[in-house]
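Let's read this structure together, one feature at a time. Have a look before we start.

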Amino acid sequence: MTQKLNPETYAAVASRAECLATAADIDAALDRMAADLTARLAGQDPLVLCVMTGGTVVSGLLLPRLNFQLRLDYIHASRYQGATRGGELDWRHRPSEAIRGEHILVLDDILDEGITLDQIVRACYEDGAASVTTAVLVEKERPHACTADVVGICLPDRYLYGYGLDYKNYFRNAPGIYAVAEVDY
Ligand SMILES: O=P(O)(O)OC[C@H]1O[C@H](OP(=O)(O)OP(=O)(O)O)[C@H](O)[C@@H]1O
Ligand code: HPA
């Protein structure tokens, strides 16, 4: 069950947030990611795994830029659950059978502490992936448990929303990436 934000709180959070990346910045980042991923994966018939839920927006915008043979599935592992600090990774969907022998591309919105991506990559190899390539739209400027192969844009270590990233389960649809004000964090 997710908590609702009342409209006044929603508007106040939005008015205090700072835009760190515009839609034009993200478009340019997606173009760079697509070129890099094409160089790495064209001809390998990869199985793309969208990491739910935050990975949906980057997946939707990136896939039409990948002009080669691929298939799409999803994986669901969550550790924030609407909170602004992460906890234990909760597995909700792990497509183990589909992964065996495949070249996997994991697509997610953000590499923050890197715990989610690190555990997803380990799980893919445990499930018999032939290779695993990782791509994130945003990498936070902080130490991570792992790195991503392809990164769209690096942003400061603040709590972010937009382009799939949520604040209390809202703002995934914001048309830019915004840092939440200290008072709201
Ligand atoms: O690098 P980390 O510190 O592990 O954090 C990154 C993960 O956190 C978010 O997922 P979340 O658990 O919030 O689920 P969501 O995708 O449903 O928002 C985000 O989508 C990444 O998957
Ligand atoms: O900064 C963030 N914003 C939204 N979701 C997240 N998951 C990890 N870090 C973040």
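Q: Which residues does the UniProt annotation "domain: Phosphoribosyltransferase" cover?
A: UniProt positions are given in the numbering used here, with feature names shortened, and annotations may be inferred rather than shown by experiment. According to the unreviewed entry, this one covers residues 28-141. Over that stretch the chain is 33% helix and 32% strand, and the end C-alpha atoms are 19 Å apart. Helices (H or I, at least four residues) and strands (E, at least two) are DSSP runs, numbered from the N terminus.

Q: How far can I trust what I see?
A: This is a predicted model, where local features need pLDDT of at least 70, side-chain atom pairs count only at pLDDT 80 or more, and totals for chains, interfaces and linings use all residues. Residues are numbered from 1 along each chain as its sequence is written, while chains are lettered from A and ligands numbered from 1 in the order in which they are written.

Q: In what order do the 6 strands form the open sheet?
A: Two strands pair if DSSP finds at least two bridges between them. Here the order is S4-S3-S2-S5-S6-S7, with mixed pairing. At the edges, strand S4 (90-93) and strand S7 (150-155) each pair on one side only. Strand S3 (residues 71-78) runs antiparallel to S4, joined by 3 bridges; Ser78 has Asp90 in S4 as its bridge partner.

Q: Which residues surround ligand 2?
A: A residue counts as near if its C-beta atom, placed from the backbone, lies within 6 Å. Around ligand 2 you find Tyr80, Ile110, Asp112, Tyr159, Leu160, Tyr161, Leu165 and Asp166.
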